[in-house]
Amino acid sequence: MRWTKTLIPTLKEAPAEAEIISHQLLLRAGLVRKLAGGLYTFLPMGLRVLRKIEAIVRQEMDGAGACEVLMPALQPPEIWRQSGRYEQAAQVLFKVRDSSQREWLLGPTHEEVITSLAASEINSYRQMPVTFYQIQTKFRDEIRPRFGLMRAREFLMKDAYSFDISDEAAQASYQKMYDAYVRIFGRCGLKAFPVEADTGVMGGKFSHEFMVPAQTGECEVAYTEDGQYAANLEKAASRGPLTPAPALAEQPLEQFPTPGVRTIEDLAAAPYHTPGHLQIKTLVYLAEGKPVLLLLRGDDSLNEAKAAAALGTGVFRPATAEEIASLMGAHPGSLGAVGFDKARVLADEQLRGASGMTTGANVDGFHFRHVCVSRDIPAAVWKDLRTVREGEESLHGPPLKIRRAIEVGHVFKLGTKYSEAMSATFLGVDAQRRPLVMGCYGMGITRTLQAIIESSHDQNGIIWPIAVAPYAVCLTPLSASAESEVMQVSERLYAQLGAAGVEVIMDDRDERPGVKFKDSELVGFPLRIAVGEKSLNQGMVEFCPRGGTKELVPVDAIIGRTLEFLRA
C-alpha cells in the first residue's frame with residue numbers, strides 16, 4: 001500500500017472531546033472518526049487492526065472447537081419477555097418500530113436468539129457438547145457514551161454460547177473458552193488477567209472478567225499481590241473493615257435528640273462524636289416496586305451489584321424522598337429499622353453481632369443509641385452488601401489492593417437460566433428430558449483495539465504489537481522524486497518486502513522527513529525503514545523499530561534484517 005492511495009488523516013492536536021489517551025490517539029492517528037455520540041466510522045488503518053483482531057479470535061475459537069454462526073442484529077421483543085430480561089435490561093435496549101408499528105429490538109447481546117435456535121435444533125445428548133460463536137455488531141442505549149470505543153452505542157463483539165448435558169460437562173466447555181481467551185489476549189499483546197465477577201443481568205452461577213490494567217479504566221479490581229485473588233470490585237469480598245463494629249455489653253435502647261443531623265458526617269461531628277463505624281446507615285429501595293431497607297455501617301458504601309444479588313432482581317432503585325416519608329414516617333437523616341415491620345430488612349454481614357450502635361429513630365430529629373442489632377432489629381436477613389476497601393484483609397490473608405482496569409472479555413457459566421425459561425431441552429441417555437446447560441462468552445473486539453492502544457503507547461503515539469499492527473513496516477523514502485536514487489531504491493525494497501510476505505506501506509507523500517517520521521510514530525507501525533540520500537551514500541538505510549534504537553543496515557541486508565525482526 002502507498003500512503004497517497006489510502007486515507008490516514010492524522011491530527012497534530014487531540015480533539016477536546018477525547019478524555020483519555022487511547023481515545024485521543026484513535027482520533028489523532030486517523031483510525032476512526034466520530035459520526036455522533038457513541039458512533040464511529042472506522043478508517044482504513046483502524047479497520048485493518050480490527051480485522052486482524054477478528055482473525056486471531058476466529059483462529060482461537062475454531063481451534064477450541066466452536067462453530068461460527070451469524071445471528072440477526074434485529075430481534076423480536078417476545079423472546080426477551082420469555083427470558084424475563086425485557087424489563088430487567090430495559091435501560092440498555094434500543095427499541096425500533098417497523099412500518100406496521102410492530103416493536104423490534106436492536107440486539108445488545110444474543111442469549112435469547114441462540115437459545116431459541118438451540119431449542120429447535122438440539123434435541124439429543126448426542127448433539128453435545130457444542131459451542132457456537134459469532135462476530136456481530138451490538139447496540140446498547142448508553143446514556144452517556146464516552147471514552148471513544150470503550151463505551152459506545154454501537155460496537156463489534158465476539159459472543160459465544162456453549163450447550164452441554166450437565167454442570168460437569170459445562171465446566172469443561174467453560175474452561176476451553178477461558179483458555180482460548182488467555183491465548184487471544186496474549187496474541188494481541190495484552191496483559192489481560194482474569195478476575196471473579198458479578199453475573200449481573202446475564203444471570204448464571206459464576207463468571208470471570210478479563211481485565212487490562214489501566215489508570216483510565218472504568219472498572220476497579222481488588223487483588224492480592226501474591227496472585228491468589230482478583231475480583232471485580234462489584235464481586236470482591238474481604239474479612240471486613242480494618243475497624244470492626246463493636247460488640248459491647250448490651251445497654252437499654254435510648255432515644256436522643258439530634259436536631260439538624262442529616263448525614264453520617266453530621267452525627268460524627270460535635271456534639272455527638274459518633275464515628276461512622278458506630279452508626280447504622282439505613283437505605284430505602286424499591287425492588288420490583290416493593291420497599292426494602294438495606295442496612296450498612298455508616299462508613300461503608302452500598303455495592304449495588306451485591307444488592308441486586310441479595311434482592312434477587314436487577315430491577316430496583318432508591319426510593320424518592322416522598323416515598324420514604326410515606327413509608328417510614330420520617331425523612332433521610334433520621335431513618336432506622338428498629339421496630340420497623342413494613343418492609344423486608346437486609347443487613348450487611350459486618351453488622352452481625354454489633355451492639356452499641358447508633359441509628360435513626362424514624363422520628364425527624366431523633367436517633368437511637370445502644371442499638372444491639374440482634375435484639376433490636378431481629379427481622380434482619382444477613383447479606384454481603386458492602387464495597388471492600390483497600391488495605392482490608394483478603395479471605396486468605398494478604399491485604400487487598402485496588403487498581404483500575406479495562407474489561408475486554410467476560411465469560412459466564414449460565415446454567416439453565418435461559419434454557420428453562422425458553423423450553424430448550426434435550427433427551428438424555430435415560431430418555432428423560434432436561435434443560436440444556438449453557439455458558440456464554442463475550443469479548444469486545446472494538447474495545448480490545450482501544451485497550452491495546454491504552455496499554456501500549458508513548459508520548460509520540462501508538463506502539464502496535466506486530467500481530468495486530470495495520471502494517472508491519474512503514475517504508476519512508478526521504479525524497480518523493482521518481483527519478484531520485486532514493487525513490488528507486490525504495491521502490492525496489494517495497495517490491496522485495498511485498499514478495500517476502502511483509503505487510504508494508506510506503507510513505508510516498510511529498511512531505512518533509514520530520515512530518516513523515518512523526519506520522520509513522522503516531523500511527524504506530526512496528527518498524528520504519530527510512531531511505532535517504534546521506535545513508536545511501538554509505539550503502540545504508542535506517543532501521544527504526546517503534547520505541548527502539550535506530551541503526552544503520554546495509555541495503556542488501558535490510559530484507560533479511562526485517563524478516564528477523566518480525567519473526568522475533
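Buried means under 20% relative accessible area, exposed over 50%, and partly exposed in between, with a 1.4 Å probe and protein chains only. The model is predicted: local features need pLDDT of at least 70, side-chain atom pairs count only at pLDDT 80 or more, and totals for chains, interfaces and linings use all residues. Residues are numbered from 1 along each chain as its sequence is written, and side-chain values use heavy atoms, with hydrogens and water left out.

**Exercise 1. Classify Pro291 and list its contacts**.

Step 1. Pro291 belongs to strand E15 (residues 290-297).

Step 2. With a relative accessible area of 26%, Pro291 is partly exposed.

Step 3. Pro291 touches Tyr285, Leu286, Leu327, Lys342, Ala343 and Arg344, again not counting residues up to four places away in sequence.

Step 4. Arg317 lies 26 residues from Pro291 along the chain, and their C-alpha atoms are separated by 9.7 Å.

**Exercise 2. Describe how H2 packs with H6**.

Step 1. The axes of H2 (residues 44-63) and H6 (residues 167-187) come within 10 Å and cross at roughly 150 degrees. Axes are lines fitted to C-alpha atoms, for helices over the stretch in contact, and angles run from 0 to 180 degrees between N-to-C directions.

Step 2. Angles under 35 degrees count as roughly parallel, over 145 as roughly antiparallel, 65 to 115 as roughly perpendicular and the rest as oblique. H2 and H6 are therefore roughly antiparallel.

Step 3. From H2, Ile56, Val57, Gln59, Glu60 and Met61 meet Met177, Ala180, Tyr181, Arg183, Ile184 and Arg187 of H6.

**Exercise 3. Describe how H2 packs with H12**.

Step 1. The axes of H2 and H12 (residues 445-455) come within 10 Å, crossing at roughly 115 degrees.

Step 2. H2 is therefore roughly perpendicular to H12.

Step 3. Gly46, Val49, Leu50, Ile53, Glu54 and Val57 in H2 meet Ile445, Thr446, Thr448, Leu449 and Ile452 in H12.

Technical notes: Helix = DSSP H or I, 4+ residues; strand = E, 2+ residues; numbered from the N terminus. Contact = heavy atoms within 4.5 Å.
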